[in-house]
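Have a look at the sequence and the structure first, and then we can walk through the contacts together.

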Amino acid sequence: MSKLYFRYGAMNSGKSTNLMQVAYNYEERGMKVKIFKPQVDTKGGNRLVSRLGVVREADFSVRTSDDLYEVTEKWIQNEGKIHCILVDEVQFLKAEQIDQLLKVAIVLKVPVICYGLRTDFLMNGFEGSARLLL
């Protein structure tokens, strides 16, 4: 059974670097990975950028209106099996998009690993992160 994971940490703690390392590890074993990045996160454009200088293109730039279950289902229909979905800056997703990612894990049996912040600097929760903590 696939699961939805939330890996959180402070700013500059290496979350994006870890995401890219996980992607590399899957791909090194011949497995297919897809990376989501919220469009509202403009750092690096459609690329994930690590403080270490590692850069990687995101596979999908998520808008607030996107249905992530439908996006994933279409990928599988067009390209075949996906072994893992990685989400950077998950705190910027809507609660319903988190629910869609859970549906991806349960129905499509694709593990989803989300990386992001739990709270802002004032300790206020983000919508996406709060949904993952339920």
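A residue counts as buried when its relative accessible area is under 20%. With a relative accessible area of 12%, W75 is therefore buried. Please keep in mind that this is a predicted model.

**The F36–F60 pair**
- F36 and F60 pair edge-to-face, with 5.8 Å from centre to centre and 65° between the planes.
- Distant parts of the chain are linked by this pair: F36 lies in strand β2 (residues 33-38) and F60 in strand β5 (residues 60-62), 24 residues apart.
- Both F36 and F60 are buried.

**The F36–W75 pair**
- The ring centres of F36 and W75 are 5.5 Å apart and their planes meet at 20°, so this pair is stacked.
- Here too, distant parts of the chain are linked, as F36 belongs to strand β2 and W75 to helix α2 (residues 68-79), 39 residues apart.
- F36 counts as buried because its relative accessibility is 0%.

**The cluster**
- Taken together, F36, F60 and W75 make up one aromatic cluster.

**Charges over rings**
- K34 places its charged end over the ring of W75, 4.8 Å from the ring centre.
- K103 has its charged end over the ring of Y69, 4.2 Å from the centre of that ring.

Notes
Residues numbered from 1 in each chain as written. Predicted model: local features only at pLDDT ≥ 70, side-chain atom pairs only at ≥ 80, totals over all residues. Heavy atoms only, no water. Phe/Tyr/Trp six-rings, centres within 6.5 Å; stacked < 30°, edge-to-face > 60°. Helix = DSSP H or I, 4+ residues; strand = E, 2+ residues; numbered from the N terminus. Buried < 20%, exposed > 50% of the residue type's maximum accessible area, 1.4 Å probe, protein only. Lys NZ or Arg CZ within 6 Å of the ring centre and 35° of its normal.
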